[in-house]
Amino acid sequence: MTRKSLLKKLKFSKEDFTEIEQTIKNAEQGTDGELVIAVAAESSTYAFWELFIAVITAFTLTVCLLPLAPQIYSWLLKTFGIVQNWWLPSIYIAIPVSTVSVLYYLFNIPFFDRIIIPEGVKKYSVDDRAIKCFVKSGVYRTKDSTGILIYVSYFERRVKIIADSGVSSKITPDLWNLIADEIAENIGKGKSKEAFILAAQRCGDILKEYFPSSEPHQNQLPDRLLVLHNQLF
């Protein structure tokens, strides 16, 4: 899924981006914490798994058809009246090649891709890219280690919230999991804007409760929704 396709799926307008960014700013007011929200089309290309499963399926199909070689030969003979020696081997070469090509194409359609990719692989990919985003976006460099990253991976329908050490020392992972589930549920219902706004508000309330600031908020990170467009970030 491309970045353009992602934005189309999310149905975001310029006004929606502005509203989300303003919500992030408001969430950080009155606290020393920093909040970053990032969304990616997918956390991995999954090309290996798509090709691997296509090859395994094609191989299995070919093996199942081997005992039917006499029937296939008879059909060729009845249809064409003559069978060249190379026809049957060619069929058994064409079957796996065409099967791999067709399946690999189908497996690039998100609906089928979600079915074939193991859940454990998708979870690992999301967790791995979320950690990379946490580092590369600079969330880990905030003052007093009070940064929070909300990472959304649309294809996998998964949300990962990573809190820096200052926050995680006071907040249990269970709370982040509840917020992550809520975000994923709303996105699944087509309420993407509402999901991001509600997530920013909830995290902002938590930061204000545990990390209140008596001084005006000193912004350390950009207050915007990060739309990730490649596998490097």
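The largest cavity of this structure is lined by V152, S153, Y154, R157, R158, V159, A184 and I187. Strands β2 (147-153) and β3 (158-163) and helix α9 (173-188) are the elements that each give two or more residues to that lining. Keep in mind as you read that this is a predicted model.

**Cavity**

- A probe the size of a water molecule, rolled over the atoms, shows where empty space is left.
- The structure holds one cavity of 30 Å³ or more, and the volume of the largest cavity is about 40 Å³.
- Sorted by class, the residues around the largest cavity are five nonpolar, one polar and two charged.
- R158 is one of the lining residues, and R158 also takes part in a salt bridge with E119.

**Salt bridges**

- Side chains of opposite charge can pair when their charged atoms come close.
- The model has nine salt bridges, counting a Lys or Arg side-chain nitrogen within 4 Å of an Asp or Glu carboxyl oxygen.
- Which residues does E119 pair with? One partner is K122, with the closest N and O atoms 2.9 Å apart; another is R158, where the closest N and O atoms are 3.1 Å apart.
- The pairing of E119 with R158 links distant parts of the chain, since E119 sits in helix α7 and R158 in strand β3, 39 residues apart.
- By contrast, E119 and K122 both belong to helix α7 and are three residues apart, about one turn of the helix.
- Is K122 buried or exposed? K122 counts as buried because its relative accessibility is 4%, and buried means under 20%.
- E119 counts as partly exposed because its relative accessibility is 46%, and R158 is also partly exposed, with a relative accessible area of 25%.
- E185 and K189 form a salt bridge through their side chains, at 3.2 Å from N to O.
- In that pair, E185 is partly exposed at a relative accessible area of 45%, whereas K189 counts as exposed at 53% relative accessibility.
- Salt bridges also link D16, E19 and K193 in a network.

**Nonpolar surface patch**

- Which element gives the most to the nonpolar patch? Helix α6 (residues 110-116) does, with three residues.
- I115 lies in helix α6, and I115 counts as exposed because its relative accessibility is 59%, with exposed meaning over 50%.

**The loop between α6 and α7**

- P118 belongs to the loop between α6 and α7.
- With a relative accessible area of 31%, P118 is partly exposed.
- P118 and W49 are 69 residues apart along the chain, and their C-alpha atoms are separated by 8.9 Å.

- Most residues other than glycine have a negative phi.
- D144 is not a glycine, yet D144 has a positive phi of about 65°.
- S145 likewise has a positive phi, near 55°, and is a residue other than glycine.
- Where are these two residues placed? D144 is in the loop between α7 and β2, and S145 is found in the loop between α7 and β2 as well.
- D144 counts as exposed because its relative accessibility is 51%, while S145 is partly exposed because its relative accessible area is 22%.

Note on methods. Residues numbered from 1 in each chain as written. Predicted model: local features only at pLDDT ≥ 70, side-chain atom pairs only at ≥ 80, totals over all residues. Heavy atoms only, no water. Helix = DSSP H or I, 4+ residues; strand = E, 2+ residues; numbered from the N terminus. Buried < 20%, exposed > 50% of the residue type's maximum accessible area, 1.4 Å probe, protein only. 1 Å grid on protein atoms, 1.4 Å probe; cavity = no way out; pocket = protein on both sides within 12 Å on 5 of 7 lines; lining within 4 Å. Points joined across faces, edges and corners; volume = space filled by probe spheres on them. Nonpolar A, V, L, I, M, F, W, Y, C, P; charged D, E, K, R; others polar.
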